[in-house]
Every structure is written in C-alpha cells, then in structure tokens.
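Good morning, colleagues. Please turn to the sequence and the structure on the screen, and I shall begin with a single residue before widening the view.

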Amino acid sequence: LDVKAVVIKQFGGPENLVAAELPDPKPGPGEVVVRVRACALNHLDLFVREGIPAYKIRLPHILGCDVAGEVVETGPGVASAKTGDRVAVSPGRSCLRCEFCLDGKDNHCQRYGIIGAQGGPGGYAELLTVPEAYLLPLPTGIGYDAGAAYPLTFLTAWHMLITLGQCGPGQWVLVLGAGSGVGVASIQTAKLAGARVIAVSTSEEKLEKSRALGADETILTPAQNLVKQTLKITGGRMADIAVEHVGPAVFDAALKSLRCGGRLITCGATTGPIIELDLRYVFSRQLKILGSHMGSQAEMRRVAQLVGEGRLKSVIDRRFELSEARAAHQYLADKRQFGKVVLSLP
C-alpha cells in the first residue's frame, strides 16, 4: 500500500505543498509506526516551507511537528507500546549520548532537531515512524486534535516560564503575541504557576479570548503604549517576565516594560531576526535576556501529565483536512487564529 501525504516539492509559497504517494514506513528496532490522526501547524512549518538556509533538508520533505494518532505496528525491541495505543508524539530529537543529553538537557544537543523540520519527516502523512522513547500516552477523553495541539507550544512555554523564567506566585508576566499557540500556552502556564498575566496583542478579539482563558489584564498594541500601560497596570512595579516570539516589532518595548532584575525570554522572530539594543538599559536595570528553544524530554513528560490531568488544555481555533494544507498555511500566515490550527486525517 502507499501512504497519502503532503510534501514540499520546492521551497517557497503554499503552492509548493503537493499531494504525494509514498512507500509504507517500516519500524526499525525500538520504533513504532503511528497512524496520524491529527497534525497541528506551527509557524516553523511556514519557515521551513519558505526555506531556512541552516536546515539541510532534502526535497521532497514532509512537514509537521505536532502529531497524535494510534500505534499500528511495532518494531523489534519495543518494550511497552502496543498496537492500538493512542499517543501524541514528542517533537524533539537528540543523540541521547552527548554530555547535554546525559545531563537531561537534550534540547541543548548539537544534533537536536524537530520532526517536520531538521529532525526527519513529520506528520503531514497518514503514517509516521516514531522511536518508542518519544511516545506520549494520550489519556481517555483527549481527542486526537487536542493531542496534536499541545506538545511543541506547551513544551516551549513551560521551558520559557518555569525552567528559565522561574515564574511563581505574585509575579507579573507579559505575554506578547497572546493569540499564538505559544501565547495561549504561556497564559495557561503562567496562571498555573500563580502569576498575574498581561496579554498583549494587536487584536481586540484575541484579547477578549485571552481574558476568557485566564489573563488578568490586556494591552492592545500599537493603539496602547506597552510600557506606559504596563506601568499603570502593575501600579508602577512593571513586569517580572516578558515572553515573546515576535522579534523587533515588540522587543524594545517589552524590555523597557520590565522591572529591575526582570527577565525577557524569547523563542522566535516572527517579524524579523535583527533588533537594536541599548546595552545601558540592560546593565543599569540588571535585566536578563534569555533565549529558549523547545525543552527537555523530562519537561515534555511533565507537560503531558498536566494535560492529562486537565490542568493545561489545548485551544484549537480551526481544523482543516490534510488536502487543505495550502489553505491552512495561508490561514496561519494571515495570523487569524487564536490558539492552534490543526490538520485532521481520517
């Protein structure tokens, strides 16, 4: 049998996503084959499709970092996974042997990659081969769409806020780009830690949804000045943490919204990679600027546990069929979503 998939035939716009028939994947030692039932989109999908020079990707390539489905075949040496298991898939891949991996910091591994990007083929296909170590049990009551919608963004938010930001009760947290997948995950993660959240967006509709999700305060930019509004909301205290993936459009204002000793944590550059930075402000305010990339397997399993307990929840904006991948990419590129966009497979 052949596998239906959507692949990138060449780098560029959504028109380069095309249907393909591929041979069935076969599980190697310690691997399983997962029938993909849902694959959530991330902005990384768009960046890979357009072409990232640092990523040595062979074409045609299958995108898709966030996957949920069911195990349909197991390879030799698989210890516990069995046919029929409902699973989500941890998206990171590392060597599991270097000093970082052995220290539990596998996202620092020089060979670290993400499936659907530089970590092998992803979930825009009916079948996907997955090492058993990267399977996440999908609890009863959590559908495949919800199972696909949490791994990458909630892992990112957890690593940013809990591991790097040391977020805790009583702190003020600025969430820039609040309507994105990472933004939605950050609001929930910060609230779970007991912090007070200020959601920031260019959309009034997304800010209303952010409040419904748990945000304490909101700032509409650029209509409202981010620094002045943060000063007003916090009673002059300013924010302890700012999490952002937007880049130059907000970076300077986010930095100036922090109190002395505050932390700005960034995991992306949606509006571009280059910023201007006044170092005097950084050292005089004793600020920390922290870069964040995904998270460890231990963090991923903690997040999966909290999702299973219902303490963190996927927010799905819209579902598309796999055959509608081009339209889904355009929808995400237009920044129309609040939460996740998901490709559903039969």
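**Gln337 and its surroundings**

Apart from neighbours within four places in sequence, Gln337 is in contact with His43, Gly179, Ser180, Lys206, Asp317, Tyr331 and Leu332, contact meaning heavy atoms within 4.5 Å. Gln337 sits in the loop between helix H11 (325-333) and strand S17 (340-344). Helices (H or I, at least four residues) and strands (E, at least two) are DSSP runs, numbered from the N terminus. With a relative accessible area of 4%, Gln337 is buried. The classes are buried under 20% relative accessible area, exposed over 50% and partly exposed in between, with a 1.4 Å probe and protein chains only.

Before I continue, a word on the source. This is a predicted model, in which local features need pLDDT of at least 70 and side-chain atom pairs count only at pLDDT 80 or more, while totals for chains, interfaces and linings use all residues. Residues are numbered from 1 along each chain as its sequence is written, and side-chain values use heavy atoms, with hydrogens and water left out.

**The whole protein**

The secondary structure comes to eleven helices and 17 strands. What radius of gyration does the protein have, against that of a compact globule? For 346 residues a compact globule would be near 20 Å, and the protein, at 20 Å, agrees. That radius is taken over C-alpha atoms, and the globule rule is 2.2 Å times the number of residues to the power 0.38. Along the principal axes, the C-alpha trace spans about 65 × 40 × 40 Å.

Buried residues account for 54% of the 346. Of the contacts between residues at least 6 apart in sequence, 69% join residues at least 24 apart. The protein exposes about 15,100 Å², and carbon and sulfur atoms supply 52% of that area; the areas come from the Shrake-Rupley method with a 1.4 Å probe, and for residues only the protein chains shown count as cover.

**Val34 in strand S3**

Val34 is found in strand S3, residues 31-40. Is this valine buried or exposed? Val34 is buried, with a relative accessible area of 0%. Leaving aside neighbours within four places, the contacts of Val34 include Gly69, Val71, Val87, Leu127, Leu128 and Leu135. Val34 and Val87 are 53 residues apart in sequence, and their C-alpha atoms are 8.2 Å apart in space.

**Salt bridges**

A search of the whole structure finds 14 salt bridges, each being a side-chain nitrogen of Lys or Arg within 4 Å of a carboxyl oxygen of Asp or Glu. I shall take three of them.

Arg49 forms one with Glu50, the closest N and O atoms being 3.5 Å apart. Arg49 counts as buried at 5% relative accessibility, whereas Glu50, at 46%, counts as partly exposed.

The side chains of Glu205 and Lys209 meet at 3.6 Å, N to O, in a salt bridge. Why are these two separated by about one helical turn? Because they lie four residues apart in helix H6, residues 204-213. Lys209 counts as partly exposed, at 36% relative accessibility.

Finally, Arg259 and Asp240 meet in a salt bridge of 3.3 Å, N to O. This pair links distant parts of the chain, with Arg259 in strand S14 (residues 258-266) and Asp240 in strand S13 (residues 239-244), 19 residues apart. Arg259 is partly exposed at 30% relative accessible area, while Asp240 is buried at 4%. Arg237, Asp240 and Arg259 are linked in a network of salt bridges.
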